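Subject: Structure handover and findings

Hello,

Here is the structure I promised to pass on. Please open it next to this email, and then read on for what was found.

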Amino acid sequence: MWQLIGQRRAVSLLQQSLKAGRLAHAYLLAGPAHVGKMTLAIKLAQALNCEASEEKPCLECNACQKIAAGRHADVQVIGLLQKENDTEFKVITIEQVKDVLHMASLPPFEGKHKVFIIDGAELLSPDAANCLLKTLEEPEARVTFILLTTNDRLLLPTVVSRCQRLELTPLPIREEVEALVANSKIEPERARLLAGLSHGCPGWALAAAQDESTLQNRNEEIVQIAGAIDGDLEGRFEYIDKLANGFSKDRGAVYETLDRWLDYWRDLLLIKLGSEATVTNIDRRQELAATAGGYRITQIKDCIESIRRTAEMLKQNVNTRLALEVMMLDIPTKGGGAKNG
Ligand SMILES: [Zn+2]
């Protein structure tokens, strides 16, 4: 009844603990964005409050439905108060954590078990994390904390050590395609494209299946990337100019753009190596094949390395424009490569 795409190991561990009545007081769900952390946390909250006699969560009882709709008084999600464009330097505050701890000290209002889901636990301010730590050290009965994070290295080690850690890993693409086709009735070719673009994180694929603009944005981005690769230096620097300007407003979007660059060059490499079936941008195979013809394998590998390095550097607050310009200079202009490299 957990209806989660993938993550069988984590689900079966939680099921066994529930059955044996040996749940931890705090869990840390670690994994990339859209892999299913929030979905799993909600299912656990439902299982803990479900009114059915067995097979919990039933997903049909009053408690299960209220939790799914975000309207259950005993299940709360805590995250950044305001999602502004640049969330990187925002934190979950100590005031938010104090509110949570106060609520945790009261008995459940309407259900059986209180669940507090902290979304983006790596964003807890040091004060907030220390405050939470005290409660994790002396847990209340009938209270479970579920911390979600994309990067648990950014959490206080003392907080991590108080939680049972469950790692959620991206699915193999084939498994994700099967699930998208079977559960969500997405047509196979489209499911393959979405699964590839989501890198095994089904939340992204499901969102994109529902919102056409996600794929549209990606299409525009790929056109721009292909244009920059094909273009002259002037065109490339215009492109970088736009990207660098966007960085101050929305870092996340620029990281995503660099991921698209990586996908594109990895695809070129795969085509060079004769593994066309495994490319990410399957709807652009012809264009990729034509582009791949203009480069040697070593050039493509160097580009991939350069893009990776640039993404790492941007996370370390270097001069954004300079880093992106260097990356662009590392990308060879066409015609410099042999056909059979
Ligand atoms: Zn239920």
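One term first: buried means under 20% relative accessible area, exposed means over 50%, and partly exposed is in between (1.4 Å probe, protein chains only). Threonine 280 is buried, as its relative accessible area is 11%.

Some ground rules. This is a predicted model, in which local features need pLDDT of at least 70 and side-chain atom pairs count only at pLDDT 80 or more, while totals for chains, interfaces and linings use all residues. Residues are numbered from 1 along each chain as its sequence is written, and side-chain values use heavy atoms, with hydrogens and water left out.

Threonine 280
Threonine 280 sits in the loop between α12 and α13 (285-292). Helices (H or I, at least four residues) and strands (E, at least two) are DSSP runs, numbered from the N terminus. Leaving out residues up to four places away in sequence, threonine 280 touches Arg192, Leu193, Gly196, Leu197, His199, Asp263 and Asp267. Contact here means heavy atoms within 4.5 Å. Arginine 165 is 115 residues from threonine 280 along the chain, and their C-alpha atoms are 31 Å apart.

Helix packing
Helix α12 (residues 251-272) packs on helix α14 (residues 297-314) at about 165 degrees, with the axes 9 Å apart. Axes are lines fitted to C-alpha atoms, for helices over the stretch in contact, and angles run from 0 to 180 degrees between N-to-C directions. α12 and α14 are therefore roughly antiparallel. The cut-offs: under 35 degrees is roughly parallel, over 145 roughly antiparallel, 65 to 115 roughly perpendicular, and the rest oblique.

On the α12 side, the contact residues include Trp261, Trp265 and Leu269. On the α14 side, they include Ile300, Ile304 and Leu314. By class, this contact of α12 with α14 has 15 nonpolar, one polar and five charged residues. Ala, Val, Leu, Ile, Met, Phe, Trp, Tyr, Cys and Pro count as nonpolar, Asp, Glu, Lys and Arg as charged, and the others, Gly among them, as polar.

α14 also packs on helix α15 (residues 320-330), at about 175 degrees and with axes 9 Å apart. That makes α14 roughly antiparallel to α15. Among the residues in contact are Ile307 and Met313 of α14 and Leu324 and Met327 of α15. This contact of α14 with α15 divides into seven nonpolar, three polar and two charged residues.

Cores
A nonpolar core is a set of buried Ala, Val, Leu, Ile, Met, Phe, Trp, Tyr and Cys residues joined through side-chain atoms within 4.5 Å. The largest has 49 residues, and Tyr239, Trp261, Tyr264, Trp265 and Leu314 touch the most other members. α12 gives this core its largest share, 10 residues. A second, separate core has 27 residues, including Val97 and Leu132.

Most residues other than glycine have a negative phi, and most peptide bonds are trans. Which peptide bond is cis, with omega near -5 degrees? The bond from lysine 56 to proline 57 is. Proline 57 lies in the loop between α2 (37-49) and α3 (62-68).

Glutamine 7 has a positive phi, near 60 degrees. Glutamine 7 is in the segment before α1 (8-20) and is buried at 8% relative accessibility. Arginine 142 also has a positive phi, of about 60 degrees. Arginine 142 lies in the loop between α5 (126-137) and β4 (143-149) and is partly exposed at 45%.

Best wishes
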